[in-house]
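Subject: Structure handover

Hello,

Here is the structure I promised to pass on. Please open it and keep it beside this email while you read.

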Amino acid sequence: MRCAAATQSERCSRRKLEGVDLRDTPDEAAFRQEVRAFIAENLPEASKLRGARRFEEADREWSRRLGEAGYAGLTWPAEYGGAGAPYSHQAIFLEELAAAEAPAHQGVIGIGMAGPTIMAWGTDEQKNRYLAKILTAEEIWCQGFSEPGAGSDLASVRTRIEDRGEHFLVNGQKVWSSFAHIADFCILVGLGLPDAPRYQNLTYVIADMHAPGVEVRPLVQITGQAEFNEIFFTDVQVPKENVLGEIGGGWQVAMTTLLHERGTLGFALAATLDVAVRKLIGLAKERAVTDPLLRDRIAREWIELQAVRYTNYRALTTLTKTGIPGPEGSISKLVWSEANQRLTKLALEILGSHAQLMDGGVDGAGYWQYQQLRSRGNTIEAGTSEILRNIVAERVLGLPRSR
Amino acid sequence: MDFSFTPEQEDLRREARAFLEANPSPTMDQLADLGWVGMLQSGDASFLDAAVLFEELGRVLYAGPFVLNEVAEQPGEDVWSIEIDGFVPHLDAVDRVLTPDMQGATAAGEVLTTVDETLGLGRLAANGAEPAGGEWGEVRRRLLAALALEAVGIGSKALELAIDYVKEREQFGRKIGAYQAVSHSLVDAYVAVELARSLAYWAAWCVAEQDGQAGVAVVAAKSQAAEAAVAACERSIQAHGGIGFTWEHPLHRYYKRALWLEGALGYGREQRAEVAASLLPS
């Protein structure tokens with residue numbers, strides 16, 4: 001604080017090197033420019049974000065270009081084909097994608113969940129076989145965790161992964177699986193040792209989605225869209241070498257996957273919230289909103305966005321300095337999901353009587369109507385808000401377990 | 001991009017916390033001995049250094065003129081307060097009072113009875129005014145940021161009291177913190193305080209750097225932080241049950257300070273109207 005020993009200029013120059021500085025460093029600014037230029041030159045017109053979308057062929061091309069340019073596995077280590085870049089680059093990349101309203105890489109499940117799990121638990125053969133093609137979008141992955149009877153309580157899955165000596169035999173049903181209809185592989189958790197105690201009875205395998213006995217059915221949501229799928233496994237043979245970790249050790253492997261699911265999610269979420277708030281403000285300007293109650297709520301959502309953004313920056317700094325995600329990061333998804341629900345509802349209120357109109361070429365042809373319905377899933381997917389509050393209560397506040 | 005305090009600022013936070021836990025009601029002379037008094041005015045410290053102290057002082061419910069004296073940034077040995085919404089905190093503990101028309105008045109007038117009994121809130125008798133240094137716009141920004149930081153300190157402390165209590169208190173054979181009706185309410189308070197902390201640090205950085213977003217950052221931070229502090233106190237009182245509602249428990253003093261902060265320089269609604277005016281110019 002005081003510069004007793006240091007001269008004024010020494011103190012000032014030291015300040016510039018460390019401490020709170022919310023500007024991009026020269027390196028970050030250069031990277032941001034590079035990403036912005038890449039998106040401007042490479043984003044296919046057909047891939048620009050729409051309100052309602054299933055995964056289009058144009059997005060595969062976009063994903064391939066992202067992989068080629070080295071943006072797919074930014075934080076993956078170089079030995080696995082990644083860029084080995086700092087987390088700040090990942091944050092900048094996601095901010096720029098959102099600002100351009102560009103879709104994410106189609107291999108998000110592979111890049112964010114399957115890949116890191118294979119790096120942590122996979123054999124050298126598995127790493128060589130799968131990792132590179134995740135980044136190039138040559139192979140798309142999906143997740144087989146949730147079941148009709150096992151949502152938040154993942155440990156109660158009933159899909160059987162029986163050890164038949166030569167191979168595993170898989171029977172069961174998975175649900176809420178994004179990308180399953182275009183996926184080549186599935187990270188699958190099931191009951192491997194039915195007689196073993198809870199948490200010691202699961203097996204985690206890599207399942208080929210093109211194998212005989214795998215059936216994918218689209219699951220139509222309240223939006224009318226089928227973004228997710230159900231997967232049915234009927235006597236599906238999975239090679240023994242496809243196990244990740246030990247037979248019966250699937251719970252620990254699954255925890256690695258879920259840790260990564262929520263790891264850098266905050267930045268992607270803040271970026272999508274940024275887009276939504278900008279669109280909301282655009283709508284309010286277009287409608288010349290003067291109602292002080294609406295203006296109060298618009299301001300509240302803008303403030304909430306800044307709060308999420310700077311909370312993520314705090315989390316990013318902790319992660320960069322210590323390599324361990326700090327407690328700040330655990331709240332992003334919880335806050336984002338509820339903010340997105342309020343915000344999309346607010347947009348409908350601004351639309352007034354037009355809020356019922358799904359098409360007809362007015363008000364973005366159903367954009368807000370779709371977003372508002374879709375937002376109801378935000379507090380359920382990737383950890384319900386109830387589960388997330390339990391996690392914060394127990395792991396951050398240190399309160400006793402509720403169950 | 002770096003959102004961490006310097007090692008020197010972390011040291012300052014540790015020193016401040018240790019000192020204030022031992023001396024929750026320090027005199028201005030004690031604070032001057034620590035080198036804190038006049039740190040902003042002298043240019044020896046940045047607003048981020050001061051921000052660390054404002055938050056720590058909030059945690060111990062510091063009841064003196066140090067914060068306003070720093071925010072006023074007036075030269076000389078006099079201790080200053082600032083007239084806020086027509087009233088002057090710590091009127092009988094200061095020499096001079098800065099008013100929003102940027103006059104420095106002799107501190108004289110009637111001290112009033114207030115809900116928060118530690119405010120020393122008074123009504124200034126108009127006498128001895130002469131022009132003061134600086135601009136009100138900048139004083140107001142520093143003040144909003146300082147109030148936000150103080151609120152973050154108060155919200156954090158009120159929440160910590162609740163967490164400690166629900167880990168110990170048993171009913172129906174279990175620690176009450178295991179019940180989700182209790183724990184989820186405290187999680188919501190924690191989330192609100194952490195969001196407020198991010199906004200308050202952002203605002204402090206904007207003030208320190210005279211960033212273009214400073215004007216909107218300070219109102220965003222103050223509205224969120226004061227409301228989060230009030231909510232944290234209310235949830236903490238609820239989690240404590242009957243004991244939290246008693247005069248002997250310290251919670252009501254945190255609550256009353258939070259209520260004062262919520263209204264100081266306008267309630268959140270007024271700050272959000274300012275944000276809306278910048279987003280949606282009419």
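How many helices and strands are there in chain A? Chain A has twelve helices and seven strands. Helices here are DSSP runs of H or I with at least four residues, strands are runs of E with at least two, and both are numbered from the N terminus.

Some ground rules come next. This is a predicted model, where local features need pLDDT of at least 70, side-chain atom pairs count only at pLDDT 80 or more, and totals for chains, interfaces and linings use all residues. Residues are numbered from 1 along each chain as its sequence is written, while chains are lettered from A and ligands numbered from 1 in the order in which they are written.

**Chain A**

Of the 403 residues in chain A, 42% are buried. A residue is buried if 20 or more other C-beta atoms lie within 10 Å of its own, exposed if 12 or fewer, and partly exposed in between, with C-beta atoms placed from the backbone. Now take contacts in chain A between residues at least 6 apart in sequence: 70% of them join residues at least 24 apart. Two residues are in contact if their C-beta atoms, placed from the backbone, lie within 7 Å.

Look at strand β3 of chain A, residues 167–174. Its covered face holds A:Phe168, A:Val170, A:Gly172 and A:Lys174. Its uncovered face holds A:His167, A:Leu169, A:Asn171 and A:Gln173.

Strand β2 of chain A (residues 160–163) runs antiparallel to β3(A), joined by four bridges. Two strands pair if DSSP finds at least two bridges between them. β2(A) and β3(A) form a hairpin with three residues between them. In the turn, A:Gly165 has a positive phi of about 80°. A:Phe168 in β3(A) stands opposite A:Asp163. β3(A) also pairs with strand β7 of chain A (residues 228–239), antiparallel, over seven bridges. There, A:Phe168 stands opposite A:Val238.

A:Ile247 sits in the loop between β7 and α7 (250–263) of chain A. Is A:Ile247 buried or partly exposed? It counts as partly exposed, because it has 18 C-beta neighbours inside 10 Å. Leave aside its neighbours within four places in sequence, and A:Ile247 is in contact with A:Asp163, A:Gly192, A:Leu193 and A:Thr203. A:Leu193 is 54 residues away along the chain, yet the two C-alpha atoms are separated by 7.6 Å.

**Where the chains meet**

The contact takes 47 residues from chain A and 47 residues from chain B. On the side of chain A that touches chain B, the elements giving two or more residues are α8 (265–286), α9 (292–322), α10 (332–351) and α12 (385–396) of chain A. The largest share, 16 residues, comes from α9(A). This side of chain A divides into 23 nonpolar, eight polar and 16 charged residues. Ala, Val, Leu, Ile, Met, Phe, Trp, Tyr, Cys and Pro count as nonpolar, Asp, Glu, Lys and Arg as charged, and the others, Gly among them, as polar.

**Chain B**

Start with two helices. α3 (residues 47–59) and α6 (residues 180–209) of chain B pack at an angle of about 145°, with their axes 8 Å apart. Axes are lines fitted to C-alpha atoms, for helices over the stretch in contact, and angles run from 0 to 180 degrees between N-to-C directions. B:Phe47, B:Leu48 and B:Ala51 in α3(B) meet B:Ala204, B:Trp205, B:Val207 and B:Ala208 in α6(B). The residues of this contact are seven nonpolar, no polar and no charged.

Next, the sheet. Four strands of chain B form an open sheet in the order β1-β2-β3-β6, with mixed pairing. β1 (80–82) and β6 (130–131) of chain B are at the edges with a single partner strand each, so one side of each has no neighbour in the sheet. β1(B) runs parallel to strand β2 of chain B (residues 96–98), and three bridges join them. B:Ser81 has B:Val97 in β2(B) as its bridge partner.

Last, two loop residues. Most residues other than glycine have a negative phi. B:Phe172 is not a glycine, but has a positive phi of about 55°. It lies in the loop between β7 (170–171) and β8 (174–175) of chain B. B:Phe172 counts as exposed, because it has 7 C-beta neighbours inside 10 Å. B:Gln210 has a positive phi of about 50° and is not a glycine either. B:Gln210 is in the loop between α6 and α7 (214–240) of chain B.

Best wishes
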